[in-house]
Amino acid sequence: MNIIVLSEDVLIYIASFLTPPDILQLGRTCKRLLELSELRIVWTNACTTHILSKGYPFPRSTPLSVLPVSVLRQHTLRACRIAQKWLSGSVTPYRERYILSTSLGTSVSDVRFVPGHDERLVLTISWTVWSAIVIWDVSIDKPKKLCEWSPRGAIISGVAPNSENESEVTVIKCRRACVKVLCLDEGSKGSFSLREVYSVGTRMKVMTLVGELLALSDAVSQTALWNWKNGTYALLQHTDDVPPTTLPSSLQKLIYLEILLLLQYNHCLQVLFAHQSILVARARSIYLFPLPLLQAPSPGSTSLTPYTPIAQHSFGGVHSVSVTICPHPNHGIMPKCSDGCSWHPLSILVRGEGDDPWASDAYTLDLYKLETNPSYIITGSDNNNHDDMEPRLNNVSPYLFPPILISDVQTRRDALCCKSVILGQAGTAMWIQDRRRGSLPRKGMPSLMMAVFPGPLSPSDIDIDGDGDGQGGKGKMGMAKKVRENHNWTAFDYDESLGRIALGSKNGVVTILEF
């Protein structure tokens with residue numbers, strides 16, 4: 001029997017059993033099957049069955065029903081390719097491109113992928129006498145410079161691209177105690193420009209930007225949430241580093257705080273907008289705050305009463321932390337609120353400080369998990385809308401503390417070249433390890449390292465605790481390997497869902513690796 005004489009519904013059902021690459025091959029056999037392979041329902045079924053249900057990396061910012069069929073097909077095939085590489089244990093780049101700086105010898109201090117805009121934009125910050133922020137189009141073989149902006153006479157010390165898809169706003173921090181909000185404008189003929197729309201003086205560090213909400217933090221104990229459009233804000237503060245009451249004068253208390261600030265004693269590493277809460281990861285501890293109510297400053301008042309943590313945990317001295325939301329359905333319990341809302345656990349990747357020069361050369365990256373709290377039951381609406389910041393059950397945490405250690409990865413006790421580890425939602429991680437900068441002198445160049453933890457992309461995902469949940473036990477270890485070496489790397493960014501890495505260097509060249 002010839003397959004092409006079957007009805008369209010039967011052919012769609014048959015295609016639902018094929019992998020995305022097989023569907024692509026099926027469409028190359030004849031015109032009828034080519035038309036079949038271009039149907040939205042075929043690629044929606046393929047993405048749901050072979051990608052999303054398995055927890056593979058996939059851009060989740062846009063619903064499948066909104067994506068054009070060509071984009072849905074492209075994302076599905078790419079997600080399948082990336083997953084196969086991780087599962088086979090041979091994660092090697094299939095393509096690399098280079099962004100060349102406008103001036104030779106200009107060092108790249110930061111590089112970021114810009115969300116939205118068809119995933120084609122990359123932001124770089126470089127500096128010589130002062131800083132410049134540049135937007136690049138990396139969708140072509142030779143990346144093209146689109147626009148440039150510079151705070152004349154100042155150095156950019158931090159940047160936070162808006163994490164909301166298709167957002168046009170980026171926030172930067174200048175070293176002269178000033179935060180600027182920039183808008184990326186796109187002209188009718190594909191031209192781009194960066195425009196300053198707001199500026200405010202503050203010594204706090206730029207951490208996270210989600211929509212209109214900006215998270216800022218100091219190096220001691222305070223985090224501020226600020227809606228830059230309407231001017232409302234809230235303060236979050238833990239009490240670990242509040243000056244002792246035994247200090248005899250307000251001047252000594254001020255000196256105490258200044259010393260902590262100068263030493264970066266408890267500097268902020270990450271701020272995450274979690275379910276009905278704000279998680280602040282610092283060098284000494286992590287703190288979970290209730291979702292605050294943003295308020296406008298009252299006439300005559302100097303500040304608002306800060307919110308205090310509803311839960312906290314210390315990992316000891318921490319060099320780098322990366323916190324992300326677990327989207328995979330097997331990662332923990334999925335409790336529901338009274339209105340049917342559910343939320344996911346949090347994964348926390350921790351690299352502690354290894355300052356003992358006599359310690360073993362072996363070292364670990366530890367992966368923890370914050371499970372969801374089944375007792376967190378609320379009444380009324382709970383849509384987790386951060387634009388309407390309402391405090392809910394301030395004394396109950398939506399996550400269970402303390403975090404549970406679920407896996408670790410063996411690595412060497414070397415310094416991190418770019419002072420960060422990036423953890424993806426599917427359990428893959430990237431970092432740059434510098435063998436020249438550890439406590440012990442070593443030879444070798446900085447290495448781009450990758451790891452995969454037990455989960456949907458682990459090539460050895462064995463349930464060693466025997467409980468049948470597919471999640472293994474505490475002794476279950478991940479796998480780490482070196483990707484490549486270079487002695488000039490200064491910054492990097494990792495996009496797990498699109499399988500790409502951006503590497504900035506001292507000589508102004510940015511390398512884009514695609515897997």
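The following conversation goes through some features of a predicted model and the reasons for the words used to describe them.

Trainee: Why is Cys80 called buried?

Mentor: The relative accessibility of Cys80 is 13%, and because buried means under 20% relative accessible area, Cys80 counts as buried. Cys178, with a relative accessibility of 10%, counts as buried by that cut-off too.

Trainee: How many disulfides are there, and by what rule?

Mentor: A disulfide requires a pair of cysteine sulfur atoms within 2.5 Å, and by this rule the count comes to zero.

Trainee: What makes one speak of a face of helix α4?

Mentor: In α4, which spans residues 40-50, the buried residues are Val42, Trp43, Ala46, Cys47 and His50. Seen down the axis of the helix, these buried residues fall within an arc of 125 degrees, so they line one face of α4. In general, an α-helix has 3.6 residues a turn, so residues three or four places apart point the same way. As for their surroundings, the buried residues of α4 pack against α1 (8-15), α2 (20-26), α3 (31-36) and α5 (69-88).

Trainee: Which residues have the most contacts inside the largest nonpolar core?

Mentor: They are Trp86, Met430, Phe492, Ile501 and Leu503, in a core of 40 residues, to which α5 gives the largest share, six residues.

Trainee: What does Ile501 touch, if residues up to four places away in sequence are not counted?

Mentor: With contact taken as heavy atoms within 4.5 Å, the residues that Ile501 touches include Phe113, Met430, Leu448, Phe492, Tyr494 and Phe515.

Trainee: Where is Ser458, and how do you know whether to call Ser458 buried or exposed?

Mentor: Ser458 lies in the loop between β24 (447-452) and β25 (479-485). Its relative accessibility is 8%, which is under the 20% cut-off, and therefore Ser458 counts as buried. Leaving aside neighbours within four places in sequence, Ser458 is in contact with Leu87, Val452 and Phe453.

Trainee: What makes β10 and β13 the edge strands of their sheet?

Mentor: The sheet is open, with four strands in the order β10-β11-β12-β13 and antiparallel pairing; β10 (205-210) and β13 (233-237) are the edge strands, since each pairs on one side only. From one strand to the next, the twist averages 20 degrees.

Trainee: How do you know that β10 and β11 are paired?

Mentor: Pairing asks for at least two bridges between two strands, and β10 and β11 (residues 213-217) pair in the antiparallel sense over five bridges. Val210 stands opposite Leu213 in β11.

Note on methods:
Residues numbered from 1 in each chain as written. Predicted model: local features only at pLDDT ≥ 70, side-chain atom pairs only at ≥ 80, totals over all residues. Heavy atoms only, no water. Buried < 20%, exposed > 50% of the residue type's maximum accessible area, 1.4 Å probe, protein only. Helix = DSSP H or I, 4+ residues; strand = E, 2+ residues; numbered from the N terminus. Arc of directions from axis to C-beta. Core = buried A, V, L, I, M, F, W, Y, C linked by side-chain atoms within 4.5 Å. Axes fitted to C-alpha atoms, helices over the stretch in contact; angles between N-to-C directions.
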